[in-house]
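I opened a notebook page for this one.

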Amino acid sequence: VEWKTITRLCYSKPVLTVNGEYPGPTIIVNEGDHVRVTVTNKVVSNTTIHWHGVRQLRSGWADGPAYITQCPIGGGKTYTYKFRVVDQRGTLWWHSHFSWQRASVHGAFIILPRMPFPFSLPIYAHIPLIFGEWWNKDAELVEYEMMLHGAGPKTSDAYTINGLPGPMYRCSTQDTFIQTVAPGKTYLLRIINAALNEELFFAVANHSLTVVEIDSVYTKPFVTTAVMITPGQTINVLLTTDQIPTDSSGMFVMAARPYVTSVFPFDNSTTIGFFKYQNESLQEIQPPLMPPYTLPQNLPNMNDTLFATQFVSSLRSLGSNDYPCNVPKYIHKRVVTTISLNLQDCPINQTCEGFQNKSFFASMNNQSFALPSTSILESLYHNLTSRFSLDFPENPPFIFNYTGVNPVTENMNTNFGSKLLEFPYGTKVEVILQDTNFLNPENHPIHVHGHNFFIVGRGFGNFDVAKDPLSYNLVDPPERNTVAVPSGGWVAIRLIADNPGVWFVHCHLEDHTSWGLAMAFVVKNGDKPSQRLLPPPSDLPAC
């Protein structure tokens, strides 16, 4: 992890990188591999690496979130992440899990499958597409100023495709992602949303996309004109180059822009790149990158909740003999948690720059998660339980019309702490994630560490425990590690707590995590040796 000066939008700045690359290097492993990644921190500030979506079975020490499963890697220090990729294949990613470093410290983590793909079309090539956000300012400074003043964050200056903003931004024609493709072939696009604070729509002009995998889990294939992808999620799609270029450039625009459900300021811009069809007779012609640029007609509008809803509702687990859908048909415990943005009263003798001169925070069941000063997993392992508590509320502290309250007058101060849930090994858990109207209803991408889960239900309004479970999909629900809780709605997820350790649950909108929209849960050791957390490695960083 090291600094490198990078120029975008005619602005040069030091950028935190891995091996000098932005985005970072793609790591390719095989299903079943034992993986060792040695991370050396060559900067003064702390850092960690999280292997997003990797189950980390019994290897929670390698999960990466700072102060949850490890103390961060200090300046000049080295830590080797060791884990095995068990029963997973497809597209995941890695990123820093310290402050807002993942703005630039991220890359693809691709698991090659043991068996052939479960779809018939031959794949000509694989193309990773990593969406990101670029700030002319240092991203960690953006977070610091946001928390210092209690206001919202400065919005990004550009969206990027594989680190390149594209020609719709100033000084960026030369920083445009162009992928050459052969006509009549099928490509596997490995799409990753590494943006910090925005969910995104993505489309390719004149081309349809066939979804075949989400969060490294195969799906029933379905054809779509575009995709909606939240921060933290990955989607694999097939694209067939079966169109006839309309001019000699052979170019088709790909574009990503935000899906907007918030009243907060946002980066109201679009990043574009190009697929360039090969043409042997026109190889000397350089593609024109002069404005105006026509966005794909199939790119949804920024506020197209109808498309976003239809898209996520079309996702289904493959559910084949080779890749069964092992959704729990019954549960041992149901947890209901609200997801809220909070206005906190400004402390005496301080100046707050949030709405009504208050501070913005966020919470789950009105608990705003505060990171401790040392690793929770390490504390748990050594029975130092005074550093956290196991009393996260399993239900909202107040029952009210969650999606019907006045966004401001009925908002409430949140409580702060490091409260966790605890589950015996093997517990079948259902979690209801309920959005609220506080400040504004918003789509929230919630990521669960250490476990995949099944999205058995979703809807708008308030979850009705008597009615809504009757319409659950317990046959082929989508399996993910990050779920979009709909704006003004709810989702029901089910998981089996079969991975001993401490696991972070948080919104993957980075500003919301900074505000405390997070919690964690403990899975206790099971009875068998194979159901117990491994001892900590000898080089585990110290706080």
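Which side chain meets Asp 345 in a salt bridge, and at what N to O distance? I looked it up in the model, which is predicted. The partner is Lys 358, at 3.3 Å from N to O.

Entry 1: I placed both residues next. Then I checked accessibility. Asp 345 has a relative accessible area of 42%, so I log Asp 345 as partly exposed. Lys 358 comes out at 25%, which also counts as partly exposed.

**Entry 2: the whole structure.** I ran the search over everything. It returned 14 salt bridges. Glu 31, Asp 87 and Arg 89 are linked in a network of them.

**Entry 3: Glu 145 and Lys 137.** Glu 145 forms a salt bridge with Lys 137, and their closest N and O atoms are 2.8 Å apart. Glu 145 is partly exposed, at a relative accessible area of 29%. Lys 137 is partly exposed too, with a value of 29%.

**Entry 4: Asp 215 and Arg 480.** Which parts of the chain does this pair tie together? I first noted the contact: the two side chains meet in a salt bridge at 3.1 Å, N to O. Asp 215 sits in the loop between strand 14 (209-214) and strand 15 (217-224), while Arg 480 belongs to strand 28 (residues 479-480), so the pair ties together parts 265 residues apart in sequence. Buried or exposed? I find Asp 215 buried, and Arg 480 as well. For that label the relative accessible area has to be under 20%.

**Entry 5: the sheet.** Strands 14 and 15 flank the loop of Asp 215, so I followed them into their sheet. It is an open sheet of 6 strands with mixed pairing, in the order 10-9-12-17-14-15. Which strands are at the edges? They are strand 10 (158-161) and strand 15, each pairing on one side only. I also logged the twist, which averages 25 degrees from one strand to the next.

**Entry 6: strands 14 and 17.** I looked at one pairing in detail. Strand 14 and strand 17 (residues 234-240) run antiparallel and are joined by 4 bridges. Ile 214 stands opposite Ile 235 of strand 17.

How values were computed:
Residues numbered from 1 in each chain as written. Predicted model: local features only at pLDDT ≥ 70, side-chain atom pairs only at ≥ 80, totals over all residues. Heavy atoms only, no water. Salt bridge = Lys/Arg side-chain N within 4 Å of Asp/Glu carboxyl O. Buried < 20%, exposed > 50% of the residue type's maximum accessible area, 1.4 Å probe, protein only. Helix = DSSP H or I, 4+ residues; strand = E, 2+ residues; numbered from the N terminus. Pairing = 2+ DSSP bridges. Axes fitted to C-alpha atoms, helices over the stretch in contact; angles between N-to-C directions.
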